[in-house]
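Me: I have a structure open and want to check the labels put on parts of it. Please set each value against its cut-off and conclude.

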Amino acid sequence: MYALRSCITTPLLTLLLLGLLTSCRHPNKSSDIQAHETLVHVQALLQSDSFPENDSLLTPSIRFFTQHGPDSLLAQAYYLQGEILRHHHFMLRASNAYIKALELCPDSSQLRFRIHLAQAKTCRIEKIASEAAHHLNLAGRLLPALRHQGCRTDFLHEKAMLCLLRQDTNAATRYFKAVTDANDGTAKGEITVAYYDKKTVTVK
């Protein structure tokens, strides 16, 4: 399994810890703590591929951070909402959640990179190649500053998947090989990647 979503874990936990440290000074302490703890819980669920049945779990966090901030955590809540909705194939609602997250998250952040990557994946699944490429290009511009191997691997993987959508198997093969090299430093063995229409591409 590729390191999907892994590159935002540390920044998220940092923000959540800072929020929890200041929560004791907030007049609505219980709602504050609940909002932060919910983000941690949902993040953990998604990282273990245990997606909630719907996005209602995030409603209290979105309501709280909308009223009290910070915008960075509201952006994170919208991003997680988008991930849940996309997992359950509510693509339009997922895209709207990602748009809200982009409006709030810091420039040049790992979260912004992750949102663009998620939008690219959503557009690819919907077979809107031009929009997928647009968001991938925006994500790619953030990569040099991030210097995070997990982000780079996920970016290359999504580039490969877009190439498959465009039926450019040669380019897809090159990107999948780059993913293999990035994961274990060599191109030993082979990996077979499922194609969206049941075809496969084998990388040696």
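Predicted model: local features only at pLDDT ≥ 70, side-chain atom pairs only at ≥ 80, totals over all residues.

Me: Why is D49 called partly exposed?

Reply: The relative accessible area of D49 is 40%. Buried requires under 20% and exposed requires over 50%, so D49 falls in between and is partly exposed.

Me: Why are C105 and C123 called buried?

Reply: C105 has a relative accessible area of 5%, and C123 has 10%. The cut-off is under 20%, so both count as buried.

Me: How many disulfides are there?

Reply: The count is zero disulfides. A pair of cysteine sulfur atoms would have to be within 2.5 Å to count.

Me: How do you know on which side of α3 its buried residues lie?

Reply: The buried residues of α3, which spans residues 59-68, are S61, I62, F64 and F65. They cover an arc of only 165° around the axis, so they are on the same side of α3. In an α-helix with 3.6 residues a turn, residues three or four places apart point the same way.

Me: Which residues touch the most other members of the largest nonpolar core?

Reply: That core has 26 residues, and L39, L58, F65, Y79, L80 and I115 touch the most other members. Two or more residues come from each of α2 (29-47), α3, α4 (71-87), α5 and α6. With nine residues, α4 gives the most.

Me: What makes up the lining of the second largest pocket?

Reply: The lining has five nonpolar, four polar and two charged residues; M91, Q119, C123 and H135 are among them. At least two residues each come from α5 (91-104), α6 (110-125) and α7 (129-146), and α5 has the largest share, four residues. The space in this pocket is about 160 Å³.

Note on methods: Residues numbered from 1 in each chain as written. Heavy atoms only, no water. Buried < 20%, exposed > 50% of the residue type's maximum accessible area, 1.4 Å probe, protein only. Arc of directions from axis to C-beta. 1 Å grid on protein atoms, 1.4 Å probe; cavity = no way out; pocket = protein on both sides within 12 Å on 5 of 7 lines; lining within 4 Å. Points joined across faces, edges and corners; volume = space filled by probe spheres on them. Nonpolar A, V, L, I, M, F, W, Y, C, P; charged D, E, K, R; others polar. Core = buried A, V, L, I, M, F, W, Y, C linked by side-chain atoms within 4.5 Å.
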